[in-house]
Amino acid sequence: GCASGDFLYAAIEQLGLDAKSQLGVDVLPELLSAAESKLPNTRFESGDISSLDFSTSGDFDVLHLAGVMQIFDDFQPVIDNCLRAVQEAGLVIISGPFNPYPIDLITRYRDCSDLEKNPDPDLELGWNIFS
């Protein structure tokens, strides 16, 4: 979930990373477009980390997922894909809301602001909290 590329931008600037060797992935085209404008020399792809097919195992030194896990009901495919994509001695950094209790909170929401046009709004994913 690279979103508009702010984290990638900061990492490239602060750590002196080569922008061409970085990859940002997101599912929302408008966020990818914003990221591409901010980092024209960085590669971006549209995709879902739980099912994205990396060309070979161990493609990456570091994977960073910030605020991504809570959009999935089952985090195991995400973890499996990250571990497959990162090098053996690589690093997977996952940040977001987690709780210390043996309880997963699965949440759905819907936007009911315009029920005249859409009397049955879809339930959206987004705020799950895993133990």
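User: What is the volume of the largest pocket, and what makes this space a pocket rather than a cavity?

Analyst: The volume comes to about 1,100 Å³, taken as the space filled by probe spheres set on grid points that are joined across faces, edges and corners. On a 1 Å grid over the protein atoms alone, a cavity is a set of points where a 1.4 Å probe fits but cannot get out, while a pocket is an open set with protein on both sides within 12 Å along at least five of seven lines. Rolling a probe the size of a water molecule over the atoms shows where empty space is left. The structure is a predicted model, in which local features need pLDDT of at least 70, side-chain atom pairs count only at pLDDT 80 or more, and totals for chains, interfaces and linings use all residues. Residues are numbered from 1 along each chain as its sequence is written, and side-chain values use heavy atoms, with hydrogens and water left out.

User: How many residues line the largest pocket, and which lie nearest its centre?

Analyst: The lining has 38 residues, with Gly1, Cys2, Leu23, Val25 and His64 nearest the centre. A residue counts as lining when one of its atoms is within 4 Å of a point.

User: How do the lining residues divide into nonpolar, polar and charged?

Analyst: They comprise 23 nonpolar, 10 polar and five charged residues. Ala, Val, Leu, Ile, Met, Phe, Trp, Tyr, Cys and Pro are taken as nonpolar, Asp, Glu, Lys and Arg as charged, and the others, including Gly, as polar.

User: What makes Lys38 and Asp6 a salt bridge?

Analyst: A salt bridge needs a side-chain nitrogen of Lys or Arg within 4 Å of a carboxyl oxygen of Asp or Glu. In Lys38 and Asp6 the closest N and O atoms are 2.2 Å apart, and the pair counts as a salt bridge. The two residues connect distant parts of the chain, Lys38 in helix α2 (residues 29-38) and Asp6 in helix α1, 32 residues apart. Both are partly exposed, Lys38 at 34% and Asp6 at 48%.

User: How many salt bridges are there by this rule?

Analyst: The count is three. One of them joins Arg108 and Asp73, with 2.2 Å between the closest N and O atoms. That pair also links distant parts of the chain, with Arg108 in the segment after β4 and Asp73 in the loop between β3 and α3 (76-85), 35 residues apart. Glu45 and Arg43 also form a salt bridge, at 3.2 Å from N to O.

User: Which residues make the nonpolar surface patch, and why can Ile93 belong to a patch?

Analyst: Val62, Leu91 and Ile93 make a patch of about 240 Å², an accessible area from the Shrake-Rupley method with a 1.4 Å probe, where for residues only the protein chains shown count as cover. Patch residues have over 30% relative accessible area and no salt bridge; like charges are joined within 9 Å, and nonpolar side chains (Val, Leu, Ile, Met, Phe, Trp, Tyr) within 5 Å. Ile93, in strand β4, has 34% relative accessibility and therefore passes the area limit.

User: What is the phi of Ala3?

Analyst: Phi of Ala3 is near 50°, a positive value in a residue other than glycine. Most residues other than glycine have a negative phi. Ala3 lies in the segment before α1.

How values were computed:
Helix = DSSP H or I, 4+ residues; strand = E, 2+ residues; numbered from the N terminus. Buried < 20%, exposed > 50% of the residue type's maximum accessible area, 1.4 Å probe, protein only.
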